[in-house]
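Here is a short report on one protein chain. Keep the sequence and the 3D view side by side as you read.

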Amino acid sequence: MMPRFLDFHHLCGTEITLDQPSLSPPRTFVLDEKISEDYQTMTQQIYDQGLGPPFAVIKFSCHNLLAPGQQGFMRIYLQIPIDSTFSSAPEVRAQQAISQRTHTELKALATLDRENCTAVPKLLGYREGLQGTEEFVPSGYINYVAWARVPGKPVDYYSFWKRDFEYRRQLRSAFRTAYE
């Protein structure tokens with residue numbers, strides 16, 4: 001069971017500075033509203049099978065601190081403790097730390113941004129870092145990725161697979177065309 005202290009509403013108003021890809025100067029975004037959160041929890045037994053660490057993923061609407069008209073979304077990925085160790089001492093949770101993990105979404109957005117793909121929202125920036133000593137997994141990874149808000153409805157894994165075959169074929173074709 002997920003502990004209640006994993007509620008991320010308190011992060012609204014937080015300023016997050018992104019420094020990649022080679023942003024000079026770095027851009028600071030303000031988290032406006034929490035949109036969603038999800039958890040990939042696991043027991044020690046499942047973790048030992050090599051499936052990667054458990055993590056939380058939280059999506060916020062955000063805006064650029066210095067250019068408030070630049071609206072976007074930010075997703076935060078952070079390692080969380082293995083089930084049954086949430087209330088363990090920080091030193092115990094720190095033994096679980098994975099210092100780096102780049103999630104597929106960031107890899108895809110960064111690649112498509114480098115290729116100037118217009119079929120996906122513009123990558124506004126990202127930062128890969130480590131959690132502090134008082135966080136869920138001290139020295140565990142925490143990643144931030146922000147992208148521009150665009151008109152239309154987002155397509156995620158679940159909504160994509162709920163649609164009919166023709167819709168999925170057309171969407172794949174549009175991505176293929178844009179990427180080429």
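How many bridges join strand 3 to strand 4? Nine bridges join strand 3 (residues 55-64) to strand 4 (residues 71-79), and the two run antiparallel. Within this pair, phenylalanine 60 stands opposite methionine 74 of strand 4.

This is a predicted model, in which local features need pLDDT of at least 70 and side-chain atom pairs count only at pLDDT 80 or more, while totals for chains, interfaces and linings use all residues. Residues are numbered from 1 along each chain as its sequence is written, and side-chain values use heavy atoms, with hydrogens and water left out.

**The sheet**

Two terms come first. Strands (E, at least two residues) and helices (H or I, at least four) are DSSP runs, numbered from the N terminus. Two strands pair if DSSP finds at least two bridges between them.

**Salt bridges**

Side chains of opposite charge can pair when their charged atoms come close. A salt bridge is a side-chain nitrogen of Lys or Arg within 4 Å of a carboxyl oxygen of Asp or Glu. The whole structure holds four salt bridges.

| Glutamate 105 | Arginine 75 | 2.8 Å |

Glutamate 105 and arginine 75 link distant parts of the chain. Glutamate 105 is in helix 3 (residues 104-114), arginine 75 is in strand 4, and they are 30 residues apart. By contrast, glutamate 166 and arginine 169 both lie in helix 5 (residues 165-179). They are three residues apart, about one turn of the helix.

How covered are these residues? Buried means under 20% relative accessible area, exposed means over 50%, and partly exposed lies in between (1.4 Å probe, protein chains only). Aspartate 113 is buried at 18%, and lysine 122 is partly exposed at 47%. Glutamate 166 is partly exposed at 36%. Arginine 169 is partly exposed too, at 39%.

**Inside and outside**

Is asparagine 143 buried or exposed? Asparagine 143 is buried, because its relative accessible area is 4%. This residue lies in strand 6 (residues 141-148). A polar atom of its side chain lies 2.4 Å from the backbone oxygen of arginine 101.

Now turn to tyrosine 158. Its place is in helix 4 (residues 157-162). Tyrosine 158 counts as exposed, at 57% relative accessibility.

Another tyrosine, tyrosine 47, is in helix 1 (residues 44-47). Tyrosine 47 is partly exposed, with a relative accessible area of 22%. Its C-alpha atom is separated by 9.8 Å from that of aspartate 83, 36 residues apart along the chain.

Note on methods. Polar contact = N/O pair within 3.5 Å; in protein donor to acceptor, adjacent residues only side chain to side chain.
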